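Welcome! Please have a look at the sequence and the model first.

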Amino acid sequence: MSTLTQSPAWLALQTHQSVMSQIHLSDLFQQDNQRFNKYSLLFNDVLLDYSKQPVNDETIGLLLKLSQQQDLENWIKQLFQGEKINNTEHRAALHCALRGQDSLIIDGKDVAPEIESVLSQMTQFTESVRNGSLTGYSGKPFSDIINIGIGGSDLGPLMVTEALKPYCTANLTMHFVSNIDGAHLSETLKKVNPETTLFIIASKTFTSQETITNANSAKAWFLSSGGTEDTIADHFVAVSTNTEAVKKFGIPTKNLFLFWDWVGGRYSLWSAIGLPIALAIGMDNFNAFLTGAREMDQHFSTAPHEQNLPVILGMIGIWQINFFGATAHTILPYDQSLHSFPAYLQQLEMESNGKSVTRSGEMIDYSTSPVIYGEPGTNGQHAFYQLLHQGTQTISADFLAACQSHHPIGDHHNWLLANFFAQTEAMMTGKGENNKQTNKLDTFATAEAEQSALPPHKIVPGNKATTSILFKKLDPKTLGTLIALYEHKVFVQSVIWDINPFDQWGVELGKQLAGEIARELEHDALVTSHDSSTNGLINYFKTNR
């Protein structure tokens with residue numbers, strides 16, 4: 001057994017869970033009409049309501065004792081001070097510095113001026129593209145931007161530009177190509193004119209196979225469609241740490257936007273990886289986006305833990321995962337603009353905390369990251385909510401919604417929010433013979449006899465925990481705040497689990513094996529160097545390609 005699971009704070013929570021698991025959530029509300037006021041937090045325009053979680057004052061106290069036992073406060077200080085907390089790669093994890101810091105010393109060097117320099121470069125470039133003074137080789141202004149990247153170099157910029165479409169310029173159409181499947185690039189290229197298309201090649205190392213393969217094909221298309229080697233500089237820019245590889249590709253240094261090895265891929269949208277965001281919404285809005293995240297950073301690093309949104313959100317997750325057995329967590333934004341937010345959080349959470357060894361390399365005997373999935377409301381209601389209401393899995397859920405809509409059509413937004421409120425209430429109360437919601441919710445059983453003996457398949461147990469996050473409006477600043485909230489939540493949980501959330505060695509293994517197999521696919525000879533399944537699959541492919 002691990003030290004963590006035998007620790008006093010952990011054992012106390014196990015004992016407490018055996019008590020709380022016997023109390024229905026609806027009973028907690030009946031016992032305390034101030035429950036919402038006690039178990040909700042407000043930061044700026046973001047309201048976090050965790051009152052529909054199986055918690056009371058004792059629960060929160062015990063969870064915070066666990067965070068104290070795991071030295072969370074000290075880990076937060078190390079994060080913001082630039083300590084090399086990414087211990088397996090011997091790096092700091094300083095994505096927070098990208099959001100604005102007067103001075104930050106890393107390895108004896110103040111990196112704040114470099115950050116400011118790149119932001120200045122981004123400002124000049126985005127303004128010249130957006131106002132049409134920077135053009136393609138034929139003198140026409142750019143109409144389309146194609147970002148070629150994968151993982152953090154794709155998911156973040158894609159999610160943010162989709163979420164902030166009301167703030168995007170109408171003069172530029174954003175495209176994102178990530179998949180090495182040729183369909184992704186070729187279908188995108190069908191939509192654009194080479195004379196008015198700008199390519200952003202986004203890769204931290206400039207060696208990611210998917211990105212470089214797509215970049216080379218994009219360059220070949222450009223050269224075969226009227227472009228020349230001399231005009232590549234007019235249509236291609238790069239975001240990378242690898243200056244030499246960028247030059248070798250044919251992109252001049254003046255078209256290179258740098259970032260640093262202490263910026264993890266899934267935390268990189270705050271850096272020059274956010275260039276497509278800045279092009280789409282303009283630097284003023286991009287700076288507001290950074291401001292929202294910076295204010296959450298300040299809150300996370302200074303607020304008392306009982307009033308600290310990331311700490312509470314993270315510890316509620318620990319409560320669900322490690323003590324109630326939740327194996328999945330669903331993200332349910334009641335905002336179509338956030339349709340890519342669940343996919344973004346999949347990488348942020350599962351790539352960060354999908355680990356089975358501690359920082360010191362010991363095997364873990366407790367659950368870490370749950371499976372993250374989600375869909376915008378109300379679409380998800382007609383897909384997988386049935387399982388949430390009556391299924392056998394333990395699944396926790398975050399519901400997110402904006403009070404104000406960018407698209408106030410008729411009564412659409414009222415209906416959207418009506419569903420938001422109704423679903424969390426229904427998951428909490430349920431419907432059954434002894435449940436006060438039975439008569440209100442059961443529209444099928446009208447006869448008195450049916451009402452008194454509700455068929456089993458109509459009984460909805462309720463007692464399903466949810467967290468609700470409401471915000472005034474989805475603007476750049478608020479989105480920055482929300483993303484930083486989830487980043488810090490993931491960090492909180494990594495500290496409790498004693499894992500490094502900033503590496504991804506499992507991903508690296510898959511890349512290595514793919515490179516070896518790619519060389520075997522260059523010829524038609526039978527392959528026998530793998531297990532029988534892999535050999536059989538490769539040879540079937542070779543026979544039928």
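Buried means under 20% relative accessible area, exposed over 50% and partly exposed in between, with a 1.4 Å probe and protein chains only. By that rule, Cys 96 is buried, at a relative accessible area of 4%, and Cys 168 is partly exposed, at 25%. This is a predicted model, in which local features need pLDDT of at least 70, side-chain atom pairs count only at pLDDT 80 or more, and totals for chains, interfaces and linings use all residues. Residues are numbered from 1 along each chain as its sequence is written, and side-chain values use heavy atoms, leaving out hydrogens and water.

**Nonpolar cores**
- A nonpolar core is a set of buried Ala, Val, Leu, Ile, Met, Phe, Trp, Tyr and Cys residues joined through side-chain atoms within 4.5 Å.
- The largest one has 116 residues, and those with the most contacts inside it are Met 122, Trp 262, Phe 341, Leu 479 and Ile 483.
- Helix α20 (residues 476-497) gives this core its largest share, 12 residues; helices (H or I, at least four residues) and strands (E, at least two) are DSSP runs, numbered from the N terminus.
- A second, separate core of 21 residues includes Leu 185, Trp 221, Phe 222 and Ala 238.

**Helix α15**
- Among the buried residues of α15 are Phe 341, Tyr 344, Leu 345 and Leu 348.
- Contact means heavy atoms within 4.5 Å, and the cover over the buried residues of α15 includes α7 (155-163), β10 (328-334) and α20.

**Disulfides**
- Counting pairs of cysteine sulfur atoms within 2.5 Å gives 0 disulfides.
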